[in-house]
Amino acid sequence: MKILIIFSIPVLLIASLLLESCSLRASQKADKNVRPNIIFIMSDDHAAQAISAYGGIFDSLAPTPNIDRLADEGMLMRNVFCTNGICGPSRAVILTGKYSHVNGYYKNEGGGVFNNQQWTFPEELQKNGYQTALFGKWHLGSEPKGFDYYKYHEGNGQQGFYWNPVFNQNGVIVTEKGYATNITTDFALQWLDEASAVNKPFCLILQYKAPHRNWEPDSMYVNLWDDVEMPYPKTFNDDYKTRELTAGNTEMTMDYFNRKDMKQVPPPGLEGKELNNWYTFGVRKGENWKLDAAMSEEEARKWKYQTYIKDYLACVKSVDDNVGRVLKYLDEKGIAENTMVIYTSDQGFFLGEHGWFDKRFMYEESLRMPFLVRYPKKIKPRSENTDVISNIDFAPTFLEAAGIPVPSDVQGRSFLPNLTGKTPSDWRQSMYYHYYEFPFWHHVQPHYGIRDQRYKLIHFYYNVDVWEFYDLQKDPDELNNQINNTEYSAVIEKMKAELKKLMIFYKNDKPLDEYRMITEINKNQ
């Protein structure tokens, strides 16, 4: 018996150690294969140059510390571009991983509704065991599919209201009191409380109305910069030389702000259509107005810019606050490590550059989307990426992160390897763009084009036939159209050939008249 006891102790010890080792290996394997939670935060019209992590003229006056935190603890991507620079179509591209001509949603104005019977990445995540929810701006007309829960802006043509917004909550219309940016986050965090308690990964899509027009700040930020003169972009007084028929023929200069944009108080007694007409006066040609008759044209222009940019940045301030709330929540719940957090916008925006507001053009400020992503398990802190990425690539990236195969008809490509510093050797060197809407809003000519790491080529075609070419290294502000400069003849010829290849590859190589017909459909609605 004694011999048996002597030998049983080491045997039991070895057995125990073996079991512990096996358990540890199993646990490590399980941890390695745990699918990440995904939080996709997208604001509306938030320009990269209004995020301090990207650098710009507003950094010291209007920093965005919470959005910047994603760059500090993750990756800042410098060359992420939209493929059709307008709200609804960009959202459709993001959901489907397909260009507008494939997903069928080309335009905001007269564009119909998004076909919700087609494949989207939230629906694929849901089918593969993810909890899914949507909060905030949807702006696609049709009912969202692929979400366990949704609560999106229903009022104002699904643009939503900044104050006391109307929501569609799983098919029920409700009005909620408060400021949209704040209460949308409230709803999202309430849902996260339930989702994080379940042993399943989640995908939260949190989409703010801000900082969309009419730029209404939270009450605490209305007078934030009253005593400050905001700086002017260096292209504020652009004369549009070499771009007279395109950049020089728009309705998005400071002259086209309306009275509601400028927070003017209507005279008493107006209501209904008369009140609306009074507020919207200024959006059409010939309606340029001044605060008072004594103002010069230049004084009026600068006053409008100052009002606009202060309200815009005040709206951004609330967005940044609420991104901070989301990050704080993840920290407190202890789930930040395995949660991929993305911050982006549906496209860029002009903040006085070229004398404009709005977007649509393939010029840099509109084309570029901010994109900051934190995923501690995979992405090194304070890393940067300059690969050419576009919004068709978002959906396949989320699927690969979740370990889900990407359907073969998705046109985008996952950039998950790029996030870890392992950009594939065959990664694209250029991207394709196509904008269709005209003349409302803002009278921007439909155009398509190509951008690579240095050059950009654009063709405007609706009722003009204008090519533009820019050397972004020498002319980053795109002030000098070099299409007729013989020094660039070889480069332009090469870019045109590459553009044709991309149009064929993405199946968008139709005759121009077919593109014009897309613009014509319901264009006056």
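Which residue in β7 does Asn168 stand opposite? Keep this question in mind as you move through the structure, which is a predicted model.

Begin by selecting strand β6, residues 166–169, together with β7, residues 172–175, and you will find that four bridges join the two strands, which run antiparallel. Within this pair, Asn168 stands opposite Ile173 in β7, which settles the opening question.

Now widen the selection to the open sheet to which these strands belong, whose 10 strands follow the order β7-β6-β5-β4-β8-β1-β9-β10-β2-β11 with mixed pairing. Its edge strands are β7 and β11 (383–385), each of which pairs on one side only, and the twist averages 15° from one strand to the next. As a general point, the strands of a sheet pair through backbone hydrogen bonds, either parallel or antiparallel.

Next, select helix α2, residues 65–72, which lies across β2, β9, β10 and β11 and runs at about 65° to β10.

Then turn to another open sheet, where four strands are arranged in the order β13-β14-β15-β16 with antiparallel pairing. Here the edge strands, each pairing on one side only, are β13 (430–435) and β16 (466–471), while the twist averages 10° from one strand to the next.

Inside this sheet, select β14, residues 447–452, and β15, residues 455–460, which pair in the antiparallel sense over five bridges; Gly449 stands opposite Ile458 in β15.

Conventions: Residues are numbered from 1 along each chain as its sequence is written. This is a predicted model: local features need pLDDT of at least 70, side-chain atom pairs count only at pLDDT 80 or more; totals for chains, interfaces and linings use all residues. Side-chain values use heavy atoms; hydrogens and water are left out. Two strands pair if DSSP finds at least two bridges between them. Axes are lines fitted to C-alpha atoms, for helices over the stretch in contact, and angles run from 0 to 180 degrees between N-to-C directions. Contact means heavy atoms within 4.5 Å.
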